[in-house]
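Dear colleague,

I am handing over the structure we spoke about, and I would be glad if you could look through it before reading the notes that follow.

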Amino acid sequence: MAQTIRKIGIVGAGQMGNGIAHVCSLAGMPVVMHDASADRMKAALATISGNMARDVSRQRLKDEDRQTALKRISTVDSFEGLSDCDLVIEAATEKEEVKRKIFTDLCPALKPEALVATNTSSISITRLAASTDRPEKFIGIHFMNPVPRMELVEVIRGIATNDATFETSKAFVLKLGKRIAVSEDFPAFIVNRILLPMINEAIYTLYEGVGNVEAIDTAMRLGAHHPMGPLELADFIGLDTCLSVMQVLHEGLADSKYRPCPLLVKYVEAGWLGRKAQRGFYDYRGEKPVPTR
Ligand code: NAD
């Protein structure tokens with residue numbers, strides 16, 4: 001039987017965590033956010049408030065609804081603050097050891113019936129579930145970026161996920177007004193299995209000198225009608241996240257067609273992680289983004 005989800009916990013208040021908090025609070029659910037960094041939690045609250053204000057100015061949201069939604073969001077500095085949540089969604093950095101440590105430390109603080117979800121873009125749900133005390137209550141709920149704008153959420157069962165957790169998670173996603181694609185638990189699921197190799201190929205195209213940043217993005221925007229060029233999109237996703245997904249595909253499927261482009265590795269090593277670092281395939285420090293190659 002599906003459970004009722006009233007209160008949501010979110011671990012990781014980066015770009016995805018704040019987007020998930022945004023949509024849950026607008027759907028009427030109280031949200032508690034936790035991040036290892038107090039600054040990130042402060043920034044997340046400011047981002048959510050700013051994004052909702054933009055929706056008010058575009059008449060997509062009433063100001064009174066914005067104010068009520070913002071009051072539903074709070075932050076806590078330890079996992080104990082998530083003890084009364086019905087569902088906790090992990091949206092921390094895309095590194096398996098980081099996520100495993102979070103689940104090991106988080107679960108003892110939760111009530112026994114609480115569901116635990118991960119927003120991972122690529123890591124095995126079954127493997128992450130094994131680092132919790134409740135694999136049957138563990139599931140992948142994979143939101144797309146930017147969460148308030150994107151219609152789709154992928155729902156992924158691990159081998160042990162029970163039917164009640166699956167049904168409850170689907171009902172939760174529908175309550176947010178999103179559509180669902182159910183994916184089997186294979187590396188990177190559906191959207192990223194298709195999207196990230198395309199982005200990686202765009203980076204190879206740049207690496208091999210077939211075109212520069214502007215030519216590649218213009219080609220795919222105008223020649224394939226993509227709303228964003230692949231390099232612009234890579235900067236938007238975060239180059240560290242792109243690299244992690246390619247590594248998971250490469251290792252998980254053992255096929256050389258998923259080999260991460262050395263240029264992507266180099267950008268990540270330089271700390272040029274895209275928009276969030278103000279520099280990636282474009283430099284965002286000036287008024288207009290300028291290609292870095
Ligand atoms: P991000 O770098 O913006 O945010 C990650 C946050 O996790 C940071 O605020 C960091 O301080 C926090 N964090 C790291 N270790 C922590 C810990 N031990 N405890 C608590 N907080 C911790 O990254 P993001 O883009 O928001 O990605 C988060 C997750 O969502 C990843 O698993 C990523 O794969 C997934 N995801 C990302 C996208 C995207 O387009 N960026 C889309 C879908 C899913």
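How much space lies in the second largest pocket? The volume is about 150 Å³, where a pocket is an open set of points on a 1 Å grid over the protein atoms alone, at which a 1.4 Å probe fits, with protein on both sides within 12 Å along at least five of seven lines, and a volume is the space filled by probe spheres set on the points.

Please keep in mind that this is a predicted model, in which local features need pLDDT of at least 70 and side-chain atom pairs count only at pLDDT 80 or more, while totals for chains, interfaces and linings use all residues. Residues are numbered from 1 along each chain as its sequence is written, and side-chain values use heavy atoms, with hydrogens and water left out.

The lining of this second largest pocket (residues with an atom within 4 Å of a point) includes His-22, Asp-55, Arg-60, Pro-148 and Lys-175. Helix H1, residues 15-26, contributes the most to that lining, with three residues; helices here are DSSP runs of H or I with at least four residues, and strands are runs of E with at least two. By class, six lining residues are nonpolar, one is polar and five are charged, with Ala, Val, Leu, Ile, Met, Phe, Trp, Tyr, Cys and Pro counted as nonpolar, Asp, Glu, Lys and Arg as charged, and the others, Gly among them, as polar.

Oxygen atoms of the ligand lie 3.2 Å from a backbone N or O atom of Ala-92 and 3.5 Å from a backbone N or O atom of Thr-93, and a ligand oxygen is 3.4 Å from an N or O atom in the side chain of Lys-276.

Finally, two points concern the backbone. A cis peptide bond, with omega about -5 degrees, joins Asn-145 and Pro-146, and Pro-146 lies in the loop between strands S6 and S7. Gln-59, in the loop between H2 and H3, has a positive phi near 60 degrees although it is not a glycine.

With best wishes

Terms used. A polar contact is a pair of N or O atoms within 3.5 Å; within protein, one must be able to donate a hydrogen and the other to accept it, and residues adjacent in sequence count only if both atoms are side-chain atoms.
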